[in-house]
Amino acid sequence: GKPPPPPPPPPTHSVSIQSLDTKGKVLRVVVSVGKLFLLLGFLYMFICSLDILSSAFQLVGGKAAGDIFQDNSVLSNPLAGLVIGVLVTLLVQSSSTSSSIVVSMVSSGLLTVQLAVPIIMGTNIGTSVTNTLVAMTQVGERSTFRRAFAGATVHDFFNWLSVLVLLPLEVASGYLYTVTKLIIDSFNIESGEAPDLLNVITDPLTDSIVQLDQSVISGIATGDQEARNKSLIKRWCLTFTNTTLKNVTVPGPENCTSASLCWVDGNITTTLKNISDTYNIKKCTHLFVNVHLPDLAVGLILLALSLLVLCSCLILIVKLLNSMLKGQVAGIIKKILNTDFPFPFGWVTGYIAILVGAGMTFIVQSSSVFTSAITPLVGIGVISIERAYPLSLGSNIGTTTTAILAAMASPGDTLGNALQIALVHFLFNISGIILWYPIPFTRIPIRLAKGLGNITASYRWFAAVYIITCFFILPLFVFSLSLAGWQVLVGVGAPLILMLIIIIVINVLQKRKPGCLPAALRSWDFLPLWAHSLAPWDKVVSACTAKCCCCCKCCQIAVDDQEKTGRESVENNKKPHVEVYDNPAMSADKEVENEIKIELEILKMSRL
């Protein structure tokens with residue numbers, strides 16, 4: 001017979017650099033440095049695409065966001081204010097933009113600081129949707145998606161739980177307003193200047209694509225009718241405003257600037273007024289400066305392009321990280337990032353992670369950018385969700401320090417109110433951290449995010465349902481009830497909240513003390529299967545997907561593969577459960593015991 005083929009050469013990453021010759025060592029170093037520069041390049045493009053995505057959302061929905069802020073009768077309802085903060089931040093994809101609208105409204109006297117507090121809480125929730133959407137790009141790999149989605153939604157759960165506690169507290173006692181008012185009154189704060197850190201690097205590229213006139217949205221929100229007819233796209237980057245004293249005809253003497261500067265000649269009344277004339281000097285140089293398209297069309301073009309670049313960069317970043325973080329390198333990095341300090345200083349580690357998250361967010365000037373950047377690292381297993389949680393909390397603090405510095409650049413007459421709103425945002429996040437971090441038992445967002453990650457890994461369509469429900473349907477539903485008045489809001493909302501609380505209590509008792517419940521309530525089996533299991537809904541979604549699929553044969557192969565995978569998973573349930581990681585060094589990590597139980601229950605239900 002023929003001689004056996006030679007064994008395949010060992011993979012490159014398994015060969016130590018010491019065993020290579022000079023040429024091999026140089027090649028290894030050049031490849032590693034090249035990958036590092038590629039990674040930095042893709043990360044730069046990723047950050048720029050997030051900036052362009054925000055601009056695109058402002059072009060598509062910015063004027064609508066300004067209109068939403070105009071109805072003060074609705075804003076007087078704290079719950080409506082919260083929802084408006086969520087919706088506006090979703091429309092413009094930037095908490096700093098929505099916060100600046102609130103600041104301008106308070107400065108102009110259209111909104112009091114007390115009414116602005118719930119809106120600021122809403123902007124905190126709305127900004128957390130970006131990293132959740134980023135996690136959706138990793139839906140291809142089940143185990144990666146489980147970790148990435150859990151790592152992204154831990155931020156969502158923290159914000160929602162903080163609002164559930166602090167909004168009623170604020171309505172009842174004015175806690176955030178009172179404390180920040182005392183701080184403002186206690187210090188003689190002088191006007192400052194907000195620093196440009198990462199913007200210095202990203203602005204040359206993003207400004208060459210599109211530049212927006214942020215004053216248009218604020219003008220619409222503050223009732224300026226001229227702003228409604230203006231385009232958000234900035235055409236002139238250098239202008240000159242000349243103010244001169246001119247004779248102006250006014251309807252009557254009551255419209256004169258003063259009695260001494262008023263002349264009446266028959267039916268004509270003339271007065272002296274300061275008239276400002278703006279002269280355009282230099283046009284902007286971005287791509288859309290001479291494009292005569294409506295804002296909506298430009299916004300949709302930029303939305304499609306920025307999403308394409310964002311997803312492409314994210315996929316390439318994950319692949320590069322997987323290529324770079326192999327073998328011992330992955331194990332060392334993972335150990336450094338996830339290891340606690342030795343006893344008795346283990347508790348310090350989390351607080352250092354909070355400071356790191358705050359510092360990094362201050363550098364990149366955006367919590368969305370930072371949390372979106374660590375999401376793929378959670379997905380490939382480099383950062384654990386327990387470490388991602390304090391990093392996200394620190395990110396919340398970092399973005400508020402930027403807002404405080406920006407508020408300090410306000411004019412002297414509006415400095416107090418602008419700074420108080422920024423401090424409300426800061427105190428809200430600090431209070432949330434005190435509620436949900438120091439005591440390990442209170443770190444509920446981690447447990448909720450892990451549970452949601454397990455569900456979405458088994459039923460991937462549920463991730464889209466979660467995003468649409470939590471960030472669109474629920475806020476719009478509450479906003480609609482708020483428009484109908486307090487009576488309708490309480491009449492519809494109170495029974496729903498009461499029913500939700502009862503379901504949560506029964507679920508907790510079923511797991512911890514089932515003996516306290518009547519026999520019928522010790523499980524949800526008395527309900528129809530569709531009411532307590534996602535398996536029937538999964539069949540419906542699968543059937544709809546199969547009908548929409550163009551190639552029935554491909555769909556059938558996919559279904560057969562899924563059934564085969566399900567059977568193999570059931571057969572392997574008796575074996576020790578090992579999480580599937582992309583990196584070989586991480587293949588020894590195991591799921592937590594309660595996650596295994598959840599997966600086993602899901603598999604059992606999916607066989608029905």
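**Reading the labels on a predicted model**

User: What makes Val163 stand out in H7 of this predicted model?

Analyst: H7 has a kink of about 30 degrees, and the kink is centred on Val163. The angle is taken between axes fitted to the seven residues ending there and the seven starting there.

User: How do you know how far H7 reaches, and what span is expected?

Analyst: H7 covers residues 142-173, 32 residues in total. From first C-alpha to last, H7 reaches 46 Å. The expected span at 1.5 Å a residue is 46 Å, and the helix comes close to that.

User: Why is H7 called mostly covered?

Analyst: Buried means under 20% relative accessible area. In H7, 24 of the 32 residues are buried.

User: What follows just after H7?

Analyst: Gly174, with a positive phi of about 65 degrees.

User: What makes Glu386 and Lys450 a salt bridge?

Analyst: The cut-off is a side-chain nitrogen of Lys or Arg within 4 Å of a carboxyl oxygen of Asp or Glu. In this pair the closest N and O atoms are 2.5 Å apart, so the pair qualifies. Glu386 lies in helix H16 and Lys450 in helix H18, so the bridge ties together parts that are 64 residues apart in sequence. A search of the whole structure finds one salt bridge.

User: Is Lys450 buried or exposed, and how do you know?

Analyst: Buried. Its relative accessibility is 18%, and the limit for buried is under 20%. Lys450 therefore counts as buried.

User: Why is Glu386 given another label?

Analyst: Glu386 has a relative accessible area of 37%. Partly exposed is the range between buried, under 20%, and exposed, over 50%. Glu386 is therefore partly exposed.

User: Which residues make the nonpolar surface patch?

Analyst: Leu474, Phe477, Val488, Val492, Leu496, Met499 and Ile503. Together they give about 540 Å². Helices H19 (461-484) and H20 (486-512) each supply at least two residues. H20 gives the largest share, five residues.

User: How many helices and strands does the protein chain have, and what share of its residues is buried?

Analyst: The chain has 24 helices and three strands. Of its 608 residues, 40% are buried. Its accessible surface is about 32,300 Å², with 68% belonging to carbon and sulfur atoms.

Methods:
Residues numbered from 1 in each chain as written. Predicted model: local features only at pLDDT ≥ 70, side-chain atom pairs only at ≥ 80, totals over all residues. Heavy atoms only, no water. Helix = DSSP H or I, 4+ residues; strand = E, 2+ residues; numbered from the N terminus. Expected span 1.5 Å × (residues − 1). Buried < 20%, exposed > 50% of the residue type's maximum accessible area, 1.4 Å probe, protein only. Patch = residues over 30% accessible without salt bridge, like charges linked within 9 Å, V, L, I, M, F, W, Y side chains within 5 Å. Areas by Shrake-Rupley, 256 points an atom, 1.4 Å probe, with all protein chains shown as cover.
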